[in-house]
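Trainee: I would like to learn how to read a metal site and a sheet. Can we work through one example together?

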Amino acid sequence: MASTSGRPDAASPVVEDALVSELCGHGAEIDALVRAELDRLRAVLEHAHKRRRQAVAFAAARALREKDAELDAARRRAAELEERLRQAAAESQAWCGLARTNEAVASGLRAALDNALLLRSGGGVAFPAAHHQHADEEGFGDSGGPVHEAKDAAAAMAAMSSPPAASRWACRACGGGEASVLLLPCRHLCLCKACETRADACPVCFAEKNAAIHVAGAN
Ligand SMILES: [Zn+2]
Ligand SMILES: [Zn+2]
C-alpha cells in the first residue's frame, strides 16, 4: 500500500494504542530511573550528614581533651605555687629568727662599745700609765679586763667631747696614733685609723679581723 504510506496514521486507533503503551512503558522506565537517582542522592546526602556529625563529635571530643589538659596544668601550677608559698613562709620565719639573733648580738656589741668608751673617758690619766706598765696584758675592751667606770656621766661626756692629751691611748701598731678603732670579733680597741686599714689581725690577741668600728669622738 504505497499510496497510503505517506499519510499520517495517528488517526488509526491501533497505532495510537501501541504508542500509548510504548509511552507508558517509557514513563515507567523514567520513573524507575528518577527513583533510583533520588535514592542515590538521598544516600549521598545521608552519608555527608553522617560525616559532618562525626567531624563535629570528633572536634568536640578533642576540645574537651584539651580543656581537661589545661585544667590539669592549672591544678599542678596551683599546687606548685602553694608549695613555694609554704617554703617562703618557712624562710621568712628563719630570717626573722636570724634578725632577732643579730639584734641581740648588735645590742651586746653596743654595750661593749659603751663600756669601752666609759673606760676610756673614766680611766683618765692613770689608765694609759697602767697600760704602759703592763704592755703584755690583753686589750682594753674585754669584759674580763679592768673596768674603770665613770662615776659622773656629765664628766664622762665632757671628757669624750674634748679628751685631754694625757688620756689618749697609743696605737699598738705604730705607737704614735691614738687607738680609736674597735676590732671585731675580739673587741680590742688598740689601733689608730691608719694602722687599722693595713692590719689583717688584732695586734693584741692576733685574732683575725673581720670588721672594725671607728669609735665616734675618739679623734
Ligand atoms: Zn697606728
Ligand atoms: Zn684582739
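Mentor: Keep in mind that this is a predicted model. Start with the geometry. The site of the zinc ion (ligand 1) is tetrahedral, with angles of 102 to 115° among its 4 donor atoms.

Trainee: What are the ideal angles for four tetrahedral donors?

Mentor: The ideal is 109.5 degrees. Here, the angles run from 102 to 115°. For the label, all angles must lie between 85 and 135 degrees.

Trainee: Which atoms coordinate the zinc ion (ligand 1)?

Mentor: The SG atoms of C171, C174, C192 and C195 do, at 2.2 to 2.3 Å.

Trainee: What spacing do the donors follow along the chain?

Mentor: Read it as C-x2-C-x17-C-x2-C.

Trainee: Is C192 buried or exposed?

Mentor: Buried means under 20% relative accessible area. C192 has 8%, so it is buried. C195 is buried too, because its value is 7%.

Trainee: Now the sheet. How do strands of a sheet pair?

Mentor: They pair through backbone hydrogen bonds, either parallel or antiparallel. In this model, an open sheet of 3 strands has the order β2-β1-β3, and the pairing is antiparallel.

Trainee: Which strands stand at the edges?

Mentor: β2 (189–191) and β3 (211–214) do. Each has a single partner strand, so one side of each lacks a neighbour in the sheet. From one strand to the next, the twist averages 50°.

Trainee: Over how many bridges do β1 and β2 pair?

Mentor: Strand β1 (residues 181–184) pairs with β2 over 2 bridges, in the antiparallel sense. Look across at the residues: L182 stands opposite L189 in β2.

Note on methods. Residues are numbered from 1 along each chain as its sequence is written. Chains are lettered from A and ligands numbered from 1 in the order in which they are written. This is a predicted model: local features need pLDDT of at least 70, side-chain atom pairs count only at pLDDT 80 or more; totals for chains, interfaces and linings use all residues. Side-chain values use heavy atoms; hydrogens and water are left out. Donors are N, O and S atoms within 2.8 Å of the metal (3.2 Å for Na, K and Ca); water is not among the atoms, so sites may look incomplete. Four donors count as tetrahedral if all angles lie between 85 and 135 degrees; four count as square planar and six as octahedral if opposite donors are over 155 degrees apart and all others between 65 and 115; anything else is irregular. Buried means under 20% relative accessible area, exposed over 50%, partly exposed in between (1.4 Å probe, protein chains only). Two strands pair if DSSP finds at least two bridges between them. Helices (H or I, at least four residues) and strands (E, at least two) are DSSP runs, numbered from the N terminus. Axes are lines fitted to C-alpha atoms, for helices over the stretch in contact, and angles run from 0 to 180 degrees between N-to-C directions.
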